[in-house]
Structure formats: C-alpha cells, structure tokens
Amino acid sequence: MPQNLPASRIVANYLRMTPTTSRARAKPFGLLAFLSLALAACAPADGRLTSIPQGAAAQADWAFETSDVPLDPGFRFGRLANGMRYAVHQNATPKGTALVRMEVAAGSLDESENERGFAHFVEHMAFNGSTRVPEGEMIRLLERSGLAFGADTNAQTSFDRTTYMLDLPRNDPALLDTALMLMRETASELSISPEAVDRERGVVLAEMRDRNTWQLRNLEDQIAFVNPGARYGKRMPIGTAETLRGATAEALKAFWRREYVPSQATLMVVGDFPPDQVEAAIRARFDTWAAAPAERQPSAGPVLPRDRDRTAIYIDPALSERITASRNGLWLDEPDTIEQRQENLLREIGYGIVNRRFLSVARGVSPPYRGAGFGTGDVFKAGRTTNLVVDTVDGKWQRGLIAAAEEYRRALAYGFTPAEVAEQIANVRTAARNAAASADTRSNGTLVNAVLALVRDGVVPSTPASSLQRLEALIPQITPASVLAALKREAIELKQPLLRFQGRKEPEGGAKAIRAAWRLGMRENLDRHEDAAPAEFAYTTFGQTGTVLSDRVEPGLNIREVRFANGVMLNIRRTDVAKDRVLAQLTLDGGDLLDTRNNPLATEMTPFLPNGGLGKHSQDQLQTILAGRTVSSDIASGADSFVASADTTPHDLELQLQLWAAFLTDPGFRPEGEVRYRLNINNFFARLRATPSAALANSIGGILSDDDPRFTLQKVEDYRKLTFAKLKEDISDRLSRGAVEIGVVGDVDEEQTIAMVARTLGALPPRETAFKAYEAERKRGFTADRTRRTIRHTGPADQALIRLTWPTRDDRDLQEVLALEVLRQILQIELTETLREKLGKAYSPSTGSAPSRTWPGYGTFTLAASIDVTEVPAVRAAIAETVASLRDAPVSDDLLLRARQPILEAEDNKFKTNRGWLAVVDRAQSQPDTITRSLLARQQLLAITPTMLQNLARRYLQAKDAVEVLVLPEGAPEPQ
C-alpha cells in the first residue's frame, strides 16, 4: 500500500480490483492461464520419463514451419546444432534498450514424487554461483550495470517451464555479452554447492510460508475438485516442506542436469541491437553447450470428460461467495492456421457476447449476482474445461446461480443478435486497427510476448497489418449463427456439471440445495434476449468554442503550454515513441484534500462514478455506444486532485475529451454505481486481517496518524451508509468550478489538439484558474508515540510481519529526496543480502521512501519483512544492526554504485516512453518545478556521496525515532 494513501482509499481500491465479471475467452484462456497468473513464481510433476531422440526434436523446430499464417519477417529464428532454439528481433521501443529471456521447457510437472519443488529450487540456485560467477556476485554484477534485482533481474517457475529474465537498460554490446554469459552459466555451469543450497533453503521455505494464503488454499481445493487425481494438482510449483527440507545439492544437480538440456531451451533477445551481432553472440556463447537427450514432460492430467454430477463446498472466512459449474472434455489439438484463427475469433465473439450479457445484468439496480462469467480453457494439453462462474453477495447464491444458469441457457438456446455481434466485432476490429497503426513502434515487451506465445502455444507471430487484412476479409462472413456454432464446437455442455461452492459460511441446505438450484435454473421458461434501442452519444457540443488566452513553449523540455479563457490548462508534448498512440490525462482540483476530519470519506466513492454513467446514458449504454472506440471513463481520487487517464489514439482523442467534458458537466450519479460499491463492502471487511499484509495495510494509517480519521479505516457502517447523493454534495463544486489541467503526449498534431480542447473542455463555463492552496487540509502529523505496536491477523500460525517507519520530510529539496531514494535502495540491498541470502529468514524484504508533495513537512521511510513467528527477535536484531551500520560508517563506493546505477539508468530512459513524458507534462503549468527537477535529477544523483548518505541515516534513521509494528497471528504470544 502506498505510504501516503488515506486509509479510506484502501477500501475503494480494493473494491475496484474486485472483478465484476469473470471474463472468459476462447483458448488458451482458462484454468491454465489462471494458474500461470496465480502461481507465476514456482511449479509441479512425477514419474520417470521416456527420452526423445535428439534428431526427432529437429523435425519441427517452429510452429510457423507447418502453418499457413504468414510469419512476421522482423523476427529471426534459429536452432543451434546442439538443439537450442533462439529468436532475435531488432527493435527500438524503448530506444537503446533490450530484453533477454531464456525459457527452459521444464517445470514442476517434470518432478518426481521426491523432487517436488525442485524446479523452483533450481531457479533460485541460478542466482547462487556458477563456473564464472562466484556465489553472491551475479546480482552485484548486474546491479553495477544498472539492473535492479526483482525489477530488471528475475525468474519464474511454472508447471511446465522456467523462465529467466534480464531487462537491459542500454544497448551496450558488453552488457549484452554479460547477459548471455549469465544465461549460459544458468544453462550449464551452475555450482549448486551444498553450502549454498543450505542457505537458499531458508529463502525457499520462507517463500512457501508467504504464499500460504487463503487464495492459494482455495485454488488447491478447486483443482482437487475439478480434476481429482490430475498430476498438476499434486505438483504445485512451490513443492512441499518435506521435499524442500530433504533437497540435497546432488539431488538438485541431478534434476538440473536432466532437464536443462539444449533441446529444451529457447533464448530470446529483443531490442536495439543488430540481429547479426546478436546471433553471432548467441552462437559464440551457446554453440559449445553439449547436446543431451530430453525427457518427455509427463501429462498434467488426467482430465476426466465423464466426471459429472458432483458437488463440493469449501469454506474460508476470507472467501466471497462463488459457485462454479464445470464440465471437462478432451483437449482439442488445433495447430495455428488461418482457418483455426477464424474459428477462434468466432468463439471469442461468442464468449464475449455471453459475458457482456452477464455484465449488463450485474449492472442493474437489484442484480442477482455481483458478477458472472462463461468460458472454456485448456488444462495444459490434458483436456479442456468449460466453466460458468457466479459471484454473489453472502447468502444470495441461489438467486444468482439460477439467474446465471438461465442466461447461459438463453444464449445457447436462442443464440445472439446482429447488434450483439456487431458490438463485439467493433471492439475486435478497433484493437486490430490500433495494433496495425502502431506496429512500427511495438514495444520490446510486446515482441517478446509474441515469441513466448510461439514457444509455449505454437502461435505464429504475424504482422499486425496481415492480421488486420485477414480480419477485414472475414468480418462480412461473421453471422450470429456462425458465432453460436463455433462456440458450441468448443464449449462443453454444462449437463450434470460439477458444482463447487466457496464462501465464508455453509450454504443453507448444503449440496442438495445447490444442485436443486442449478436444476431449477436449467428448466425455467426462457424469453429471447432483446436488444435495447440503439442510441447516439449525446455529448458532442458544449457551448461556444473556447478561446486561447496564452500559448507558449516551455524551453526546458519543449512542452507546449496553452491556457484557455475559461481557465482550462492544456499541456502538449508530441513524441514519436509510439506511433498512432496518445496518452492523455485530466487533472481536476480537489481529490483527497476534500476529505476532512469531520468528513473523512468525502471522496471514497469517486472511483465508482463511472458505474453511474452520465446523465443521458447509463454505463451499460455507454459501453455499447462507445464500442470500437479507444476511450476510457475511469477516474480516481489522488492525494491532491481527481485524475482521469486514457490510452487512446489520434482518431479518438476528441471523443475522449468529449467524454471528460460530459463527466464534468453531467455525471450520472445513477443508483447502479452505488449498488456496485455496496455489493463489495462486506467482502473487504471480511478480509481485513486475513493475511499479515492485509492486517498491516488496514491498520498502519491510524497508527502513524494517531487515528486521524482521514488516514484511518472507519467502521464498516460508515462505508455502508455512503450514497451518491452525499458524493454529489461533496464533489459537485469541484466538478463544475475546480481548476482543470490536461496533459496530452504522443503522436498528436498540436494545432488539432488545441482545437479539440477548445471545442470541448475549453468551451465549458469559466473555472478557477489555479489549484487551491488547501492550507488547513494539508496539515498531517506523524505520531509522537514510538512504542512498539502489535496487531493481529487471522492467517496461518507461522506468519508474522515486522515493519519500521521513520518520519522524514516533504519533497521540496530534490537532492535530499534523491539521496533518500538511494539510501532506500542501499537498505534494500543490505536487507536482501542479510535477511534473505545470509540468514534465510525472509523471502522478500521491502523498503520505501515517500517524501510527500501534498503534506508539507511530511514523509516516511519504511522497511518491512515477512517472517516466521519464531524468528522475530533474530530478525529484529538483524534489522537494527543493518540500519546501525548505515549510521556508523559511510557505505562503500561499490555499494553506492550498485544502488545508484539502476536509478540512473531509469532516469536516462524515462523519456523513452509516453508514460515517462506524461509524468512531467500532466502538471507542467501548475507544478512547473517538476520540469526543473527532471532536468537536474541526473546531475544531483551523481553528486550524492557516501558521507551524505551516512548523514541522512544519522538524521532520519535513529532507532528511537522508529515506529515498529509487529503483525502476529491471533493467539500467538508476544516475543521477548
């Protein structure tokens, strides 16, 4: 949680993150994708394997060799004589950077019963010494080159693969050589010494402890129910405590040698390097990797198509109410071809329509469910599963399940309407057109993901232009009947499905009642779906076109600053970093500064305003009206302003501005938005203390502010009684009169942009010409009580969390702000090496520095570590010793280099993306010092010395000044 975030905003942010619908699409979306997202840092497997002859793997190196989908010629693919594959693409977005990835087709599915967790353990050992890199030096080597551990240097293990990732901040051939050297070391030269294994074991076990959450336990139960006996359910990537404690260096080496063979590895380099240079460097590093036989990965199954008519109930106090209806089927082996892509598109449209109907129902004034979703996805290559997921308010599962079952039946019985198909086509076509228009400036990440899709799923990377051409040719042939037929060819009929209930209390009537509700929903009489009457966007004129009062180009960064006669400010910076893309932001005076001690929840419901639509259109109507347009209606309440951001196109920029102008002049405040907010309140408060991090996040604001209600979580009743009527009363003055500043960055015509704003926001009635001072509201104190605090969580009995917070300062002094950030990075490095690498007490200690721009004189410096309850005294002592060392002596030049270099590289690269530009363009007129600070940052970073950092530590990080908060399980004794 951000340090300066008001506690009330925690609730709104949580509710906004709660899905309103379970969105399911055609393959490969489904359980596999969900598992990959949920567990993307570990992996599972069992049984001895059969070997694949080396020659057999070479018969079909890449999926595009047997596909009629035209390959994007910008890629260069190859396979070395030893069997290792590689992919290269020269790309300059962001300019002068590159991504290096190595994926090994080995994960937890490849583990035997006694090797559970070994794939993930080996991934950890890749950072712990090799032939050319002594133990503990790999991360240091990369830090000196500007790669921060975790942000730019990372790895993840899944069920079927392990991926190593390096993000290079500059296109230096020497740095590329270092990256390839480290990948080769990982592939064939790891030390995996007994001493290093023993040290890393504590880290892996700490990660296992931290991952033991109510979400993971629910997932494990869900897998066991839907696919009982399946191998992947018994091979969670993290492994088991027994196998991890029993892991020896020799056993880990045996797994590594068996699985890390050239024919199972793919190396990817995408970035600002000549392909010939990259290919030569790859060959120089990897040609000598000795070939070895690869063992076939065991099936993730079995997945049982005939499994049906079972019901299960899973209870956990943190779980919101959900029922899932599932049926399994055979895996559909569908290689990537033009014909198959057409089939997949039809399916995608079908699933999209069904889920659009669910969403429309959920947006009602009295919805039967909070959200619902329908989709089919692969279970690896062992089978496929069709799911209908229904999220309900506690105790309302029967109504929700019946309503969702009826909607599912209606879709499959009567099919879809032309208008529904047209809406989905509009969205698909716009996405394809946008991709084609910006193809020349696709990001490194986009291109790497295309290679990963090829390696993992056999999806051929084609050019966006060719994809658009094929789509346009297909669209005239798409009919409601063809869409329904394609959906039915993949989706498994939910006849006598597996029904699983999850929630915080037993459903009344138990399993029999659940099954009875399903049967009722499957036999209720149905009417056909009827489309609502089409409507046109009603907000295109806002009065007389605004006039420009002033127009200048700021000299430092060449930002064009325009002020209209009505007070609206516009800042424009044309860039060429993303073709046909525009980032825009509207900033409105107010935000959390409207929250007062007497009215601390004034802006709490702001993020839900879009759910209330506009005066002339509901949110649901807007979704249809704006189909195929690249616009956004989201808004948030920030520390000192309301902020609305949009990633749009030059074509849709004026519509985005119209949408914002409509929001300021005629917000809907419809009851549907109020309902969306209230439906999720109980879930948030039920999970207040479900994990140590949740307990801390929901308590720390009150602790540090001496229960100032602006920063303290209020009672659940206070949130339940909030209404749009109150929100309207609290913010309408700002909507109608508050100062407005607009930032526009990207592929724009400046004169056209000025004209667009003149016709929209510049045409509104006069507004305040400057953001208000809010002097009284900007006062924020830091508690004078430095006694240790203990709060309790309701999670596992071995989980604890310790956090120290020091008061610092605001952000007025740029050099001191930057020095505090370097000091934070130094402490991050030191704590990682101490708590993680040396002691094995914590998986991921964290640090933070948050000098405030909003509250004068206020700022915080924090450190935190998730630990075992038995380790509190030892960790507390290690933290105290580490912080004291920063006060007692200047840091070494090498440590300063390792901490500062990633910050410098980020500084050098900040204007290589539109988002980096927007950070200074958005408030260029109201906060001009942001530009000056941006220009001075590098120089002032380089001026930071070890002595300066020591003085900062002495000034701010005294033991007596820290507020220590310890989070312990309910009932656990206080440590001595």
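The residues that line the second largest cavity divide into six nonpolar, four polar and one charged, where Ala, Val, Leu, Ile, Met, Phe, Trp, Tyr, Cys and Pro count as nonpolar, Asp, Glu, Lys and Arg as charged, and the others, Gly among them, as polar. A cavity is a set of points, on a 1 Å grid over the protein atoms alone, where a 1.4 Å probe fits but cannot get out, and lining residues have an atom within 4 Å of a point. This is a predicted model, in which local features need pLDDT of at least 70 and side-chain atom pairs count only at pLDDT 80 or more, while totals for chains, interfaces and linings use all residues. Residues are numbered from 1 along each chain as its sequence is written, and side-chain values use heavy atoms, with hydrogens and water left out.

The second largest cavity holds about 50 Å³ of space; a volume is the space filled by probe spheres set on the grid points, which are joined across faces, edges and corners. Its lining includes Ala126, Phe127, Gly129, Val133 and Glu185. Helix α6 gives the most to this lining, with three residues; helices (H or I, at least four residues) and strands (E, at least two) are DSSP runs, numbered from the N terminus.

The whole structure contains seven cavities of 30 Å³ or more. Among the lining residues are Thr153, Tyr164, Leu166 and Met183.

Two of these residues also meet in a strand pairing: in β6, the bridge partner of Thr153 is Leu166. Strands β5 (residues 153-157) and β6 pair in the antiparallel sense over five bridges, two strands being paired if DSSP finds at least two bridges between them. A hairpin of four residues joins β5 to β6. Strand β4 (residues 98-104) also pairs with β6 in the antiparallel sense, over seven bridges, and there Glu103 has Thr163 as its bridge partner. Six of the seven residues of β6 (residues 162-168) are buried, that is, under 20% relative accessible area with a 1.4 Å probe and protein chains only.

The loop between β4 and α4 (118-125) holds Gly117. Why is Gly117 counted as buried? Gly117 is counted as buried because its relative accessibility is 0%. Apart from its neighbours within four places in sequence, Gly117 is in contact (heavy atoms within 4.5 Å) with Glu111, Pro237, Ile238, Gly239 and Leu244. The C-alpha atoms of Gly117 and Leu252, 135 residues apart along the chain, are separated by 9.9 Å.

Elsewhere, five strands form an open sheet of mixed pairing in the order β21-β25-β22-β24-β23. β21 (789-793) and β23 (846-851) are the edge strands, each pairing on one side only. On average, neighbouring strands of this sheet are turned by 20° against each other, direction ignored; axes are lines fitted to C-alpha atoms, for helices over the stretch in contact, and angles run from 0 to 180 degrees between N-to-C directions. Helix α7 (residues 194-211) packs on the sheet, touching β22 (799-807) and β24 (859-868), and its direction makes about 100° with that of β24. Helix α29 (residues 872-888) lies across β22, β24 and β25, running at about 30° to β22. β21 and β25 (residues 963-969) pair in the parallel sense over five bridges, with Arg789 opposite Val965 in β25.

Methods:
Buried means under 20% relative accessible area, exposed over 50%, partly exposed in between (1.4 Å probe, protein chains only). On a 1 Å grid over the protein atoms alone, a cavity is a set of points where a 1.4 Å probe fits but cannot get out, and a pocket is an open set with protein on both sides within 12 Å along at least five of seven lines; lining residues have an atom within 4 Å of a point.
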